[in-house]
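Let's walk through this structure together, one question at a time. Have the view open as you read.

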Amino acid sequence: MKLKNSKFLTSNWVITLTATLIGVFGALFLNEWVVSKNVKNQKSIAVKNILIEIEENKTKIEKSLKKHKTFIGTLLFMEKNMDKENRLITDVESLQAFRTDFPNVFTAQDSTLLENGKYHYKGNMDLNFDLSHVNLTNIAWNTLKHNSLANSFGFDCLMFLEQMANITEETLKQERILLNLMKDQNRNEADDYEERMKDELMFLIEFEKALLEAYNYSEEKLSDCR
C-alpha cells in the first residue's frame, strides 16, 4: 500500500511539473510574441514617420534645385552673351533655347539685327530667384537614432539613413556658404566674386541632386526596414 501511494505521488508530481513547465514556456513564448509584435509595430511607425519627413524635404529640395538651376543657367547665359556694355548680344537659336529651359526669366521688348546673324536684344532680365534658406529636417531619423528601437533595424537600413542625413547636412552647409557669399558687403570689390558665386552654386546643385536621388530611392531602401 505504501508503494502504491509512492507511485501515485510521483505520478502527480510529474504531471504537476510538466503542467508548470508548459505554463512557464507558454507564458515566455506569449510574452516574446507580444514584445516582437510591439517592436514590429513601432518600427513600422518609425519608418512611416521618416518617409513622411523625406517626402516633405523632397518637395522643398525640388523647388530649391529648380531655382538654383535657373540661377546658374542665367548667370552662364549672361556671361556668354553680355558684352562689356552689358548689352545682350546673341542669335535667335541661343535665346530661344534659354527661354525654353528657363521661361519667364527674360522678356524681350526690342531687337536690332547685327552682323553674323546676331541680335542686340533689349528687355527685362528677372534675377529675383528668392534664394532663401531651405528648412530641411532630420527629426524623425534623429529620434530613432537615439532610441533603443534602432537596435532592431538592420545595418543596411541604418547606414542608408545615416548617409542621407550626412548629405542633408552637407547640402545645408553648402547653402549657408552660398547665402553668406551673396550677403557679403565687400562682394563688389572682389575681382573673383562672380567665379566664386558660380562655383559655390554649382557645388550646391550637385549636393541637391545627390540628396534628391537618395529621397527618390528611400521608399525602396526602407521597404525591408519595417
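Q: What is the accessible surface of the chain, and what share of it belongs to carbon and sulfur atoms?
A: This is a predicted model, in which local features need pLDDT of at least 70 and side-chain atom pairs count only at pLDDT 80 or more, while totals for chains, interfaces and linings use all residues. Residues are numbered from 1 along each chain as its sequence is written, and side-chain values use heavy atoms, with hydrogens and water left out. Accessible areas here come from the Shrake-Rupley method with a 1.4 Å probe, and for residues only the protein chains shown count as cover. The accessible surface comes to about 15400 Å², and the share of carbon and sulfur atoms is 53%.

Q: How many salt bridges does a search of the whole structure find?
A: To count, a side-chain nitrogen of Lys or Arg has to be within 4 Å of a carboxyl oxygen of Asp or Glu. With that rule, the search of the whole structure gives eight.

Q: Which helices does the salt bridge between K198 and E79 link?
A: The closest N and O atoms of K198 and E79 are 2.3 Å apart. This pair links distant parts of the chain, 119 residues apart: K198 is in residues 193-221 and E79 in residues 2-81, that is, in helix α5 and helix α1.

Q: Is K198 buried or exposed?
A: Buried stands for under 20% relative accessible area, exposed for over 50%, and partly exposed for in between (1.4 Å probe, protein chains only). K198 has 6%, so K198 counts as buried.

Q: Which residue is linked with E79 and K198 in a network of salt bridges?
A: E79 and K198 form a salt bridge. The network holds these two and one further residue, E195.

Q: How far apart in sequence are the parts that K145 and E162 tie together?
A: K145 and E162 form a salt bridge, with their closest N and O atoms 3.6 Å apart. K145 lies in helix α3 (residues 139-145) and E162 in helix α4 (residues 155-183), so the parts tied together are separated in sequence by 17 residues.

Q: What part of a helix turn separates E170 and K173?
A: The salt bridge between E170 and K173 has its closest N and O atoms 3.4 Å apart. At 32% relative accessibility E170 counts as partly exposed, and at 39% K173 does as well. Both lie in helix α4, three residues apart, or about one turn.

Q: What is the volume of the largest cavity?
A: On a 1 Å grid over the protein atoms alone, a cavity is a set of points where a 1.4 Å probe fits but cannot get out, and lining residues have an atom within 4 Å of a point. Grid points are joined across faces, edges and corners, and a volume is the space filled by probe spheres set on the points. The structure holds one cavity of 30 Å³ or more. The largest has a volume of about 80 Å³.

Q: Which elements give two or more residues to the lining of the largest cavity?
A: Among the lining residues are I50, W141, M164 and Y215. The elements that give two or more are α1 and α4.

Conventions. Helix = DSSP H or I, 4+ residues; strand = E, 2+ residues; numbered from the N terminus. 1 Å grid on protein atoms, 1.4 Å probe; cavity = no way out; pocket = protein on both sides within 12 Å on 5 of 7 lines; lining within 4 Å.
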